[in-house]
2 protein chains.
Amino acid sequence: MIAEPVPLEAAWRWIEANAPQLEAEEVDLAAASGRVPASAPIAGADVPASACAAEDGYAVRAEETLGAAPYNPLPCAVVEVGDGPLPHGAAARVAAGEPLPPGADAVLPRDAIDPEAGSRIAVLAPVAEGDGVMIASSELRAGEPFWPVERQRQPLRPAAIGLLGAAGVWRVSVTRQPRTRILIAGAPVALGPMLRALVELDGGRVIGVDPLDRRQSSAEHLVAGVDVVLIAGGPADGPEMEVRGVAIEPGCQTCLGRANGTAIVLLPGLPAACLWAYELVAGRAIRCRGGRDPCLPYPSRCLRTTRKIVSTLGFTEAVPVRLDPDDRTAVLPSPGSRPPRLRIAAQADGFTLVPATSEGSAAGSVITVWLFEPAAARDAGRG
Amino acid sequence: MIAEPVPLEAAWRWIEANAPQLEAEEVDLAAASGRVPASAPIAGADVPASACAAEDGYAVRAEETLGAAPYNPLPCAVVEVGDGPLPHGAAARVAAGEPLPPGADAVLPRDAIDPEAGSRIAVLAPVAEGDGVMIASSELRAGEPFWPVERQRQPLRPAAIGLLGAAGVWRVSVTRQPRTRILIAGAPVALGPMLRALVELDGGRVIGVDPLDRRQSSAEHLVAGVDVVLIAGGPADGPEMEVRGVAIEPGCQTCLGRANGTAIVLLPGLPAACLWAYELVAGRAIRCRGGRDPCLPYPSRCLRTTRKIVSTLGFTEAVPVRLDPDDRTAVLPSPGSRPPRLRIAAQADGFTLVPATSEGSAAGSVITVWLFEPAAARDAGRG
């Protein structure tokens with residue numbers, strides 16, 4: 001029953017082969033933030049479709065403002081134009097983003113006018129054609145993509161949401177979120193909230209966090225209606241496992257299997273081992289199914305280790321680190337602890353991975369560190 | 001009506017004085033991920049309270065396994081102990097995280113036994129006292145804090161959730177999320193989804209995204225029941241504004257005011273200007289009220305600019321950048337565009353800020369860049 005653990009890279013290959021990207025679904029633009037686009041959509045029309053005001057002010061014909069100055073105010077009628085053209089000698093109030101009326105070719109900012117009584121203003125400064133104007137198609141031309149193809153695996157950010165909104169796109173095609181079942185089997189129930197938090201950070205949708213009912217634990221039953229199953233403290237004698245052990249430390253009891261084409265990840269029951277097994281193995285399955293970049297979802301840095309790191313050959317070892325409070329180019333690796341402790345992970349700023357082929361790193365050497373928080377991932381001396 | 005814009009740092013000081021941290025509320029541990037703790041809680045008891053199994057296996061008395069070997073298997077009865085002590089000469093099946101029965105002092109891993117018929121196993125290898133055991137209080141001692149005080153402004157990560165769960169803490173005191181009203185006034189309605197996405201990334205709770213009804217726009221009415229109000233394309237002649245313009249580009253029309261003690265931020269109506277005004281000014285109000293680190297919520301990097309950056313003295317300028325695809329230590333700043341464009345922001349990997357006192361940076365100089373995505377914030381040559 002106990003097999004040789006496979007290298008971490010082999011576990012990753014298994015996941016990439018067995019946790020394929022899910023199909024697309026359409027969601028409202030207001031719910032699309034953080035979702036992963038299923039394609040690089042193409043603008044159906046120019047954005048903006050016609051020249052717009054770039055700021056609040058008064059749409060005018062630029063040539064009619066020539067010579068205006070505080071000592072030579074040019075009176076001007078403010079008109080409501082509706083959809084019609086701007087009459088000569090008149091100005092129309094416009095808000096930023098609004099189309100200019102036909103005939104107008106510049107926007108007078110509010111500090112270039114003197115609001116006179118009634119529906120008149122005095123122009124105090126000239127504007128040139130195009131001043132205060134966002135010209136047609138200056139964001140996007142019809143047929144251009146909204147973002148480059150290489151950005152496709154990245155969750156939608158607010159600026160992309162704004163650009164889609166500006167183009168009038170109100171429904172977006174995104175990769176479905178992996179429905180994830182979390183089962184706790186012979187492990188502390190306290191693992192449930194931690195695993196839920198991990199899955200949600202990787203864009204998964206948690207369907208339930210439940211104790212494993214061994215009477216109902218046929219592999220087919222476990223995978224019904226979900227895209228990934230995580231079992232903490234799972235019985236390796238349960239569903240058919242294809243990978244029995246991954247050469248990582250902590251977390252070497254991690255197993256990978258399938259039922260009806262759905263990936264099942266068995267995680268160790270010890271909380272700290274479960275955490276690292278999720279970070280190094282299970283999270284990748286969630287990210288792959290959700291169409292995300294499979295790599296670790298943390299910024300990385302090359303930093304000096306202030307202490308020697310000792311690691312076991314043959315195992316990829318996750319070593320929590322803290323930033324050196326006196327030198328932000330250095331980290332203090334946690335001294336190894338067996339069994340691994342959750343508190344060390346909770347108090348860490350990030351972690352390093354010692355490859356299976358390495359016995360560790362000497363004090364002073366530069367290592368790659370993944371950092372949990374933006375605040376931790378700030379370059380030295382800047383904030 | 002048009003006043004001199006204040007420096008960005010003065011706007012930040014106004015926000016820190018007028019957008020104070022909200023009160024604490026209690027939430028379930030399962031909903032606490034990403035929330036900001038309102039205090040650094042203290043462990044009420046040792047974690048774990050007694051020695052636990054660090055892996056799945058058989059709890060034994062270590063001294064009774066002396067001499068066991070594949071050629072000298074020691075037979076051993078497997079017993080159910082309930083809450084009672086482990087009988088001499090027996091083993092009790094335990095799962096990782098479960099307390100050891102009194103008397104047991106080691107856990108035999110599954111590959112150190114031969115499962116014999118019925119309720120007997122054969123021990124194939126000796127274990128030493130403490131092997132496979134997580135000793136009492138090895139995570140936390142009663143009275144110790146769950147995390148250092150300096151981590152207090154950071155959203156709760158999964159490891160902290162796990163540690164709280166391991167200690168049996170099922171309710172957590174967190175800072176209330178700022179209830180945020182978004183009003184669209186004389187600006188494209190397309191701004192709504194973008195502003196919602198921005199507020200949610202900063203931990204705010206969006207109460208509504210609505211057009212500003214000018215008949216109901218008394219300042220007191222706008223702030224009723226919420227902690228922050230954002231008005232895009234807002235009329236500077238509306239609620240009483242204390243800061244009329246912030247010296248940032250894009251976004252210099254940003255205004256700050258209060259009604260009944262609640263902060264109101266007026267954002268420009270042009271989508272790209274609105275985005276940058278949120279990033280540089282309004283987001284800080286959301287983060288301050290929610291008890292987060294007020295700084296920009298992105299990892300920063302010191303990188304070389306491949307092009308000269310030209311900026312206007314007197315304004316802090318946000319310049320979108322893309323990573324150089326051929327050299328990950330360098331960025332390509334976007335050529336300045338007036339009016340600013342949302343597409344450039346949507347396609348950027350991050351941005352740099354040119355201080356108001358600087359006219360820009362020469363090509364080849366090192367600048368601080370904030371990066372949107374973990375993938376972008378990876379150190380050169382590593383992934």
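This is a predicted model: local features need pLDDT of at least 70, side-chain atom pairs count only at pLDDT 80 or more; totals for chains, interfaces and linings use all residues.

These entries cover the peptide bonds and the phi angles that I looked up.

Residues are numbered from 1 along each chain as its sequence is written, chains are lettered from A and ligands numbered from 1 in the order in which they are written, and side-chain values use heavy atoms, with hydrogens and water left out.

As background, most residues other than glycine have a negative phi, and most peptide bonds are trans.

Cis peptide bonds. I looked up the bond from Val47(B) to Pro48(B) and found it cis, with omega near -10°. Pro48(B) sits in the loop between strand 1 (24-28) and strand 2 (52-53) of chain B; helices (H or I, at least four residues) and strands (E, at least two) are DSSP runs, numbered from the N terminus. I also found a cis bond joining Glu249(B) and Pro250(B), with omega about -5°, and I placed Pro250(B) in the loop between strand 15 (248-249) and strand 16 (255-259) of chain B.

Positive phi. In chain B, Ser137(B) has a phi near 65° and lies in the loop between strand 9 (133-134) and helix 2 (158-166).

Exposed or buried, I asked of Asn260(A)? Asn260(A) is exposed, with a relative accessible area of 63%, whereas Ser137(B) is buried, at 12%; buried means under 20% relative accessible area, exposed over 50%, and partly exposed in between (1.4 Å probe, protein chains only).
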